[in-house]
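Colleague: I am new to this one. Can we go through the charged side chains together?

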Amino acid sequence: MRHEPMVCIVDDDEAIRESLRLLLYASGLRSCAYVSADEYLADRRPPEFECMLLDIRMPGTDGLELFRILQDKHLAFPVIFITGHGDIPLAVSAIKLGAFDFLTKPFREGELIEKVRSAIEYHQAARKHLVELQDIQARYDSCTPREQDVLRLLATGSTNKGIAETLGISSRTVEIHRAHVMSKMAADSLPALVRMMSLLESEEN
């Protein structure tokens with residue numbers, strides 16, 4: 001059963017929390033809400049969500065402090081800050097630290113939903129990319145060290161003859177390793193193999 005994306009709201013203003021929940025509901029999105037950053041942090045099993053709407057100023061732990069805590073825990077979802085006009089410099093600083101976006105009160109309903117949907121799309125794409133990357137890494141790890149040598153050279157455009165000369169093995173042995181590599185990497189073509197290696201190398205760099 002498919003569930004609509006969930007948005008987490010952390011704001012000490014009850015009126016804003018409820019208006020946000022109603023707006024999200026009217027837009028086909030689910031939500032959960034916390035009255036403070038401390039309440040959120042105290043929840044040992046918060047629901048899974050794909051975007052957080054976070055008030056920048058709250059009693060106790062404020063929004064920026066919560067954001068830093070989440071970053072230390074390897075933040076897994078985009079954060080949109082809710083700010084007053086006087087907090088815009090803080091929000092800009094948060095963007096530089098990795099926040100997705102910010103909204104200034106009073107915000108337009110359409111603008112909020114647009115930003116939330118963009119954040120959700122970003123999160124879903126990032127999650128899909130991570131799953132793909134982990135899958136490619138697992139395939140790469142299933143190759144023997146020699147097969148990995150052949151794979152890396154194949155990805156640079158080396159021919160079988162060139163690989164044989166580089167590794168000091170016969171062309172026939174290269175062909176065997178190449179067949180194993182294509183099978184283990186589940187690659188139906190050399191361009192597909194090159195793309196996989198490019199993804200792995202981009203994460204290493």
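Colleague: What is the relative accessible area of arginine 195?

Modeller: This is a predicted model, where local features need pLDDT of at least 70 and side-chain atom pairs count only at pLDDT 80 or more, while totals for chains, interfaces and linings use all residues. Residues are numbered from 1 along each chain as its sequence is written, and side-chain values use heavy atoms, with hydrogens and water left out. Buried means under 20% relative accessible area, exposed over 50%, and partly exposed in between (1.4 Å probe, protein chains only). Arginine 195 is partly exposed, at 45%.

Colleague: Which residue forms a salt bridge with arginine 195?

Modeller: A salt bridge puts a side-chain nitrogen of Lys or Arg within 4 Å of a carboxyl oxygen of Asp or Glu. Here the closest N and O atoms are 2.7 Å apart. The partner is glutamate 132.

Colleague: Which residue meets lysine 105 in a salt bridge?

Modeller: The N to O distance is 3.5 Å. The pair links distant parts of the chain, 50 residues apart. Lysine 105 is partly exposed, at 26%. Its partner, buried at 3%, is aspartate 55.

Colleague: How far from aspartate 11 is the nearest side chain of opposite charge?

Modeller: Lys and Arg count as positive, Asp and Glu as negative; His and the chain ends are not counted. Aspartate 11 is buried and has no salt bridge. The nearest such side chain is lysine 105, at 4.4 Å.

Key. Helices (H or I, at least four residues) and strands (E, at least two) are DSSP runs, numbered from the N terminus.
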